[in-house]
Amino acid sequence: MSLTEKPEHLPAVAIGDAVLDTLAPSFPAADVEDLRGRVRGPVYAAGDDGLAAEVATWNVAIQHTPAIAVGATCAEDVVAAVSWAVAHDLGVAVQATGHGPVRNAAGSLMITTRRMQGLSIDPERRIARVEAGVKWMRVLEAAAEFGLAGLCGSSSDVGVVGYTLGGGMGSLGRLHGFAADHVQAVEIVTADGRLRRLSADREPELFWAVRGGKGNLGVVTALEIGLVPVSSLYAGGIFFSGDDAPALLHRFRQWAPTLPDRVSTSIAILRMPPMDELPPPLRGQTVVHLRFAYVGEDHAEAERLLEPMKAVGTILLGFVGPMRTDEMDGIHMDPVDPLPAWEKGMLLDDLTEETVDALLRTAGPQLDVPLIMAEVRLMGGALSRPATVPNAVPGRSGAFAVLVLGPGIPELAQVVPAIGRGVLGALQPWASPEKMINFLGDVSGPGEVAAAYPPATLERLRAVKHTVDPAGVFSFGHAI
Ligand SMILES: Cc1cc2nc3c(=O)[nH]c(=O)nc-3n(C[C@H](O)[C@H](O)[C@H](O)COP(=O)(O)OP(=O)(O)OC[C@H]3O[C@@H](n4cnc5c(N)ncnc54)[C@H](O)[C@@H]3O)c2cc1C
């Protein structure tokens, strides 16, 4: 048989317009009908029209080809789907928005949660109850009515649950810590098909593990997250000419560590595409983007703190000023439309003169390389302090976070990862031993995920995993 011939026993799976062969298991039609009868949401088996659309990712560099997908509408659908998967010896994958796929969940039962949109705010207790499919923007909008905010990241298009289970580090982070530190309760379906409610007092060990353990422990159906009061925010971003990158990055390394916790900031070398939608000073240019967020009412102080950076280079475009909390996407200006991305991150213990030189040497604007972004974020403040109710989130020891991003397209599949890893390799002398799970990006396997955690955290996390998921039903995301 030739390699292009489809063996009789393998089903065909539609991916976009193409039809690909997979090693996905197939099931008796009656079993699939049985599952359809148990859930309210749609069920798509391999070969069904609609499967590819149901499991489509935002980061289209990775496309999922599960054996079967369940569009969950409620916790009971998740219970039924997990139980069916276990009975059919299938691993379970979960997707909300597709912003963070790790690898193709081929052959899995994939639970998509985007129909689970329940959201309620208790302004007295400053808590939001958020179902699994909710994106940050809805929480920000709803909380803003009460002068409250959630600890969203750079893009409010990201899902609250996936982001928070990986720690969740955003523009209010240095003042308030990781999003996971503010989780009050977790509702989760574990491999035994049980819907459990976890909190500091109920199943505390699993509660510890799931906050930082990402998708390893089960499918979270809802979170109760603490909201923080934000009376006033002075924030935004400034685009500088790429020619100023050396001066800006060297000033940043001296300036950023002097900032109070009420300021979060990052700086990125961005290679902008030649798209008509972009304003002319940025279109097709390599620029430096400074991001700044000050929480507080003393806007004059915010300006004073920002001034040393503004004085360094040629400003092409930008806005830093009073901002509503539901406008925080204006700080980083992340892309909104789906794109194919390759990314990888690390933490630094220090950002010295030599560190900045190494970054400029490998990712600086003078190079003709297919990188979209090389970003350095200031950590510290509340991000370096333990959570009130301890959790498994790694990365508190880092002083700065670095993220490198490039186009995740097949034509550059050999080039972008090599260049991106080269940038991070050049920064290794200053590397922090831990990593942030949400910024791991391209991982070569469970060993790399495991290495992100401090050894004692990993050992404890694995012990919890062994107790609640001994067969490794949940192993498609950041598997440990
Ligand atoms: C544009 C952009 C900006 C970002 N900015 C930040 C940032 O500022 N700070 C930061 O910390 N991270 C950031 N991230 C990373 C982001 O937090 C992760 O990619 C996160 O996993 C996205 O979650 P999702 O549910 O939206 O994505 P999905 O791809 O739907 O899910 C990703 C993973 O999350 C887990 N997961 C999702 N839902 C559930 C569930 N119900 N139960 C159990 N596990 C679940 C699974 O492991 C799943 O594989 C950013 C990502 C992008 C693309």
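The radius of gyration is taken here over C-alpha atoms, and the rule for a globule is 2.2 Å times the number of residues to the power 0.38. The model described is a predicted one. For 480 residues, a compact globule would have a radius of gyration near 23 Å, and the protein chain agrees with this because its value is 22 Å.

**Overall form**
- The C-alpha trace of the protein chain spans about 70 × 60 × 40 Å along its principal axes.
- In secondary structure, the protein chain has 14 helices and 20 strands.
- Of the contacts between residues at least 6 apart in sequence, 74% join residues at least 24 apart.

**Surface and charge**
- The protein chain exposes about 19,300 Å², and carbon and sulfur atoms supply 54% of that area.
- There are 38 positive and 55 negative side chains in the protein chain, and the centres of these two sets lie 4 Å apart.

**Interior**
- Buried residues account for 56% of the 480 residues in the protein chain.
- In soluble globular proteins, nonpolar side chains tend to be buried together.
- The largest nonpolar core holds 57 residues, of which L172, V186, V210, L217, V220, I225 and L233 touch the most other members.
- A second, separate core consists of 43 residues, including F252, V263, L351 and V356.
- Leaving aside residues up to four places away in sequence, L233 touches L172, Y294, V295, G296, H299, G321, P322, M323, R324, T325 and M328.

Note on methods: Residues are numbered from 1 along each chain as its sequence is written. This is a predicted model: local features need pLDDT of at least 70, side-chain atom pairs count only at pLDDT 80 or more; totals for chains, interfaces and linings use all residues. Side-chain values use heavy atoms; hydrogens and water are left out. Helices (H or I, at least four residues) and strands (E, at least two) are DSSP runs, numbered from the N terminus. Buried means under 20% relative accessible area, exposed over 50%, partly exposed in between (1.4 Å probe, protein chains only). Contact means heavy atoms within 4.5 Å. Accessible areas come from the Shrake-Rupley method with a 1.4 Å probe; for residues, only the protein chains shown count as cover. Lys and Arg count as positive and Asp and Glu as negative; His and the chain ends are not counted. The place of a charge is taken as NZ of Lys, CZ of Arg, CG of Asp or CD of Glu. A nonpolar core is a set of buried Ala, Val, Leu, Ile, Met, Phe, Trp, Tyr and Cys residues joined through side-chain atoms within 4.5 Å.
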